[in-house]
Amino acid sequence: MKMQRRAALALALLATPFALQAAEPVKIGFLVKQAEEPWFQDEWRYAEQAAKDKGFTLVKIGIPNGEKMMAAIDNLAAQKAVGFVICAPDVKLGVAVNRAAKRHNLKVMSVDDQLVDGAGKPIADIPHMGISGYEIGKQVGQGLLAEMKARGWKLDEVGVLRVAFDQLPTARDRTMGAVDALKAAGVPAANVVDAPQAKTDTESAFNAANIAFTKNAKFKRWVAFGLNDEAALGAVRAAEGRGIKQDAMLAIGIGGSQTALNEFTKPTPTAFYGTVLISPKRHGYETATAVFEWATAGKTPPPVTLTSGILMTRQNQAELRKQMGL
Ligand code: GLA
């Protein structure tokens, strides 16, 4: 009797860990630098979709600074997650991210902002999915040129406001792509005004643009752009504050999430003329799936995947978003 009970107990003890393991779903983290930004909300939404389709649990954490980022990675490890997708608050934290992931045996992939090492070189063993920044920037420039032409603006009379965040390589690539497209078409280099923003949100862009407009009051017409929709929108709001409205100002953003849609659905068009629509669906769904398959099936993601974009305006927004499955 006693023996039997003991044997049963031993069996139960042996069986428990397996039973627990089977019951616990695989966990994948999705860490983003700016959780309040519509782009990142969209990424999370599509990553959730992947979690539902593939059968894993998504752990979403906002990481506005390095300290919160490190705590989030430790937290994921404590929850027994198997890997995570990350858009870090600063790409120079790359080495720290890589080290923490290795220490906890977590798979890591970056999204949007590619992580770099101490020398500023991309970290080769962290797979990345982001946009082709320079090409998309060129599309911004070309979109502005086409509309300037349609309006009969003289290229040498137009101020070019580059809302800049040059410490982030993709931000620099995007805005320089736009500058190069404008210059190639004949916009004088001297007309380009840099407005460095402290953060990548609308408020910082607004402040940066205000200073630039004050210093360059000689331009009566402006085109503006930055790394995302928030940057372009900040410039538009700053211009409005000075009485520069949509007949004298054109801005094109990058993104196509709610920030842009809000502008397009206002009854009267603003100077926010368009945006290059990129895919939060691909970035959210595909990265979360890639980390899941990497951790559970040993399928290593491709080292770098660059996604493309397409110019979206008030006119074609509904149609385009439908086409891209958004
Ligand atoms: C960067 C920007 C975001 C968004 C993504 C898209 O992370 O900060 O606003 O544009 O790139 O890849």
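The legends below describe several close-up views of a predicted model.

Local features are given where pLDDT is at least 70, side-chain atom pairs count only at pLDDT 80 or more, and totals for chains, interfaces and linings use all residues. Residues are numbered from 1 along each chain as its sequence is written, and side-chain values use heavy atoms, with hydrogens and water left out.

**View 1. The protein chain as a whole, with its helices and strands.** The protein chain has eleven helices and twelve strands, where helices (H or I, at least four residues) and strands (E, at least two) are DSSP runs numbered from the N terminus. Its C-alpha trace spans about 95 × 40 × 30 Å along the principal axes. Of the 326 residues in the protein chain, 50% are buried; buried means under 20% relative accessible area, exposed over 50%, and partly exposed in between, with a 1.4 Å probe and protein chains only. Among contacts with a separation of 6 or more, 74% come from residues 24 or more positions apart, a contact being heavy atoms within 4.5 Å.

View 2. The strands follow the order β7-β6-β8-β9-β10-β12 with mixed pairing, and two strands are said to pair if DSSP finds at least two bridges between them. The edge strands, β7 (192–196) and β12 (310–313), each pair on one side only. Neighbouring strands of this sheet are turned by 20 degrees against each other on average, direction ignored. Strands β8 (residues 221–225) and β9 (residues 249–255) run parallel and are joined by three bridges, and Val223 has Leu250 as its bridge partner in β9. Helix α5 lies across β6 (158–164), β8, β9, β10 (272–277) and β12, and runs at about 155 degrees to β9; axes are lines fitted to C-alpha atoms, for helices over the stretch in contact, and angles run from 0 to 180 degrees between N-to-C directions.

**View 3. The parallel pair β5 and β11.** Four bridges link β5 and β11 in the parallel sense, and His128 stands opposite Val304 in β11. The covered face of β11 holds Thr305 and Thr307, whereas Val304 and Leu306 are on the uncovered one.

View 4. On a 1 Å grid over the protein atoms alone, a pocket is an open set of points where a 1.4 Å probe fits, with protein on both sides within 12 Å along at least five of seven lines, and lining residues have an atom within 4 Å of a point. The largest pocket has a volume of about 340 Å³, and of its 19 lining residues Lys33, Pro64, Pro89, Phe165 and Thr200 lie nearest its centre. For the second largest pocket the volume is about 280 Å³; this pocket is also lined by 19 residues, with Gln114, His128, Pro169, Thr170 and Asp173 closest to its centre. Two or more residues of that lining come from each of β5 (128–131), α5 (133–150), α6 (169–184) and β11 (304–307).

**View 5. Two loop residues with positive phi.** Lys80, in the loop between α3 (66–78) and β3 (83–87), has a phi near 65 degrees, and is exposed, with a relative accessible area of 64%. Asp112, in the loop between β4 (107–111) and β5, has a phi near 70 degrees, but counts as buried at 7% relative accessibility.

Technical notes: Grid points are joined across faces, edges and corners, and a volume is the space filled by probe spheres set on the points.
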